[in-house]
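Trainee: I would like to learn how to read the features of a structure like this one, with the cut-off behind each term. Could we take them one at a time, the general idea before the particular case?

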Amino acid sequence: MFLHKIQSVMFGSAVGDALGVPVVRKNRGDLDKDPVTDMRGFGSYNLPAGCFSDDTSMSLATLDSLANGHFDLADIMAHIGKWAYHGAYSTAEKAFGMDKTCRTAIVNYFARSPNPETCGLSDAESNTSGSIVRIHPVVMYNYAHPSLSSFEETNNVDKACALTHANNLSKLGCRIYSLVLGELLGPVSETEMIYKGLEKAYKYYKNDPDFKAYAKLFTKNFTETDRSEIPNGNGVADTLEAALWCVLTSENYEQSLLKAVNLGGNADSIGAVTGAIAGAVHGLADIPTDWLVSLRRKGLIDGICKKAFTQWNNEE
């Protein structure tokens with residue numbers, strides 16, 4: 001895997017997250033009157049411009065673990081714990097932004113029973129986006145290890161998701177996302193590859209009991225959906241639908257991300273997932289320079305990307 005691809009996904013997601021942080025929970029109508037057009041500060045979390053949320057912090061923790069060359073759930077949780085309890089991988093002095101599902105799962109692991117196979121929540125209500133926002137490092141790890149079988153790749157995605165979100169709805173969303181992003185990690189990164197990933201997902205999961213939550217993604221006229229009908233909720237299905245719509249109806253990274261964060265609501269997570277996909281499609285060079293300059297902790301992100309690239313390529 002090329003370094004620029006890892007960087008495109010990780011920086012793409014982090015920038016999208018940071019764009020959305022100031023307008024988390026904002027009403028879409030209010031954003032129509034005062035839309036995000038550039039990296040702005042303060043707002044929802046009262047933080048300076050360029051600060052990313054728990055979404056990027058957890059994905060960095062995950063990638064930092066995977067960059068050691070092994071897929072180890074306990075090690076991933078150890079890295080997430082560094083963020084949750086000590087502020088590592090954060091743009092603030094401490095962790096912020098984690099939803100109830102993630103918080104409960106982390107407490108389950110560190111304060112109750114240190115078993116990464118059982119700490120995640122499996123109830124139907126625990127289907128928030130806290131899982132899908134940190135799956136792209138797993139997809140890149142899978143891609144960088146071609147000896148893995150399709151079953152092993154899916155199992156890695158399921159287990160990583162279940163660290164916090166062990167319900168089938170969340171796992172299914174992460175699987176669909178992984179198939180889409182996986183197609184974009186190859187030598188051809190055009191938008192059309194998204195549809196190839198969706199075709200695979202339809203073939204594999206059309207009979208899944210929770211497929212109906214994602215059915216809109218597979219309709220022929222999905223990209224013709226009016227913006228007013230695109231969700232901005234905290235659910236994993238809402239986040240994936242919004243992100244794919246933003247990328248598929250845009251011509252570049254900037255347009256995709258401005259559409260994403262101006263949906264309001266769960267703007268940071270929608271921005272993070274949109275940014276990862278748009279980054280994979282359009283590349284690091286397409287991310288506006290001013291946005292990258294404003295992004296906090298660029299050195300940390302770049303260092304972990306290079307660590308992963310070096311380790312994974314040395315394994316070949």
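Trainee: Over which ring does the charged end of Lys259 sit, and how far is it from the centre of that ring?

Mentor: Bear in mind that this is a predicted model, in which local features need pLDDT of at least 70 and side-chain atom pairs count only at pLDDT 80 or more, while totals for chains, interfaces and linings use all residues. Residues are numbered from 1 along each chain as its sequence is written, and side-chain values use heavy atoms, with hydrogens and water left out. A charge sits over a ring if NZ of Lys or CZ of Arg is within 6 Å of the ring centre and within 35 degrees of the ring normal. Here the charged end of Lys259 sits over the ring of Trp245, 5.3 Å from its centre, and Arg25 likewise lies over the face of Tyr45, at 5.5 Å from the ring centre.

Trainee: How many aromatic pairs does a search of the whole structure find?

Mentor: Rings of Phe, Tyr and Trp (its six-membered ring) pair if their centres lie within 6.5 Å, and planes under 30 degrees apart count as stacked, over 60 as edge-to-face and the rest as tilted. The search of the whole structure finds ten such pairs. One of them joins Tyr202 and Phe211 edge-to-face, with 5.8 Å centre to centre and 70° between the planes. Tyr202 is partly exposed, having a relative accessible area of 40%, whereas Phe211, at 10%, counts as buried. Tyr202 also pairs with Phe218, and that pair is tilted, at 5.8 Å centre to centre and 50° between the planes. This second pair links distant parts of the chain, 16 residues apart: Tyr202 is in helix H9 (residues 192–205), and Phe218 is in the loop between H9 and helix H10 (236–248). Elsewhere, Phe71, Tyr141 and Trp312 form one aromatic cluster.

Trainee: Which residues lie nearest the centre of the largest pocket?

Mentor: On a 1 Å grid over the protein atoms alone, a pocket is an open set of points where a 1.4 Å probe fits, with protein on both sides within 12 Å along at least five of seven lines, and lining residues have an atom within 4 Å of a point. The largest pocket is lined by 18 residues, and those nearest its centre are Glu153, Ser178, Leu179, Gly182 and Lys200. Two or more lining residues come from each of helix H6 (136–143), helix H7 (150–162), helix H8 (168–184) and H9. The second largest pocket has 14 lining residues, with Val24, Gly97, Asn234, Asn266 and Asp268 closest to its centre; helix H3 (54–66) and helix H12 (267–282) are the elements that give two or more residues to that lining.

Trainee: Why can H3 be called largely enclosed, and what span should its residues have?

Mentor: H3 is largely enclosed by the rest of the structure because 13 of its 13 residues are buried. The expected span of a helix is 1.5 Å times one less than its number of residues, so the 13 residues of H3 should span 18 Å, which agrees with the 18 Å between its end C-alpha atoms. H12, with 16 residues, reaches 21 Å from its first C-alpha to its last, close to the expected 22 Å. H12 is mostly covered, as 15 of its 16 residues are buried, and it is followed by Gly283, whose phi is positive, near 90°.

Notes. Buried < 20%, exposed > 50% of the residue type's maximum accessible area, 1.4 Å probe, protein only. Helix = DSSP H or I, 4+ residues; strand = E, 2+ residues; numbered from the N terminus.
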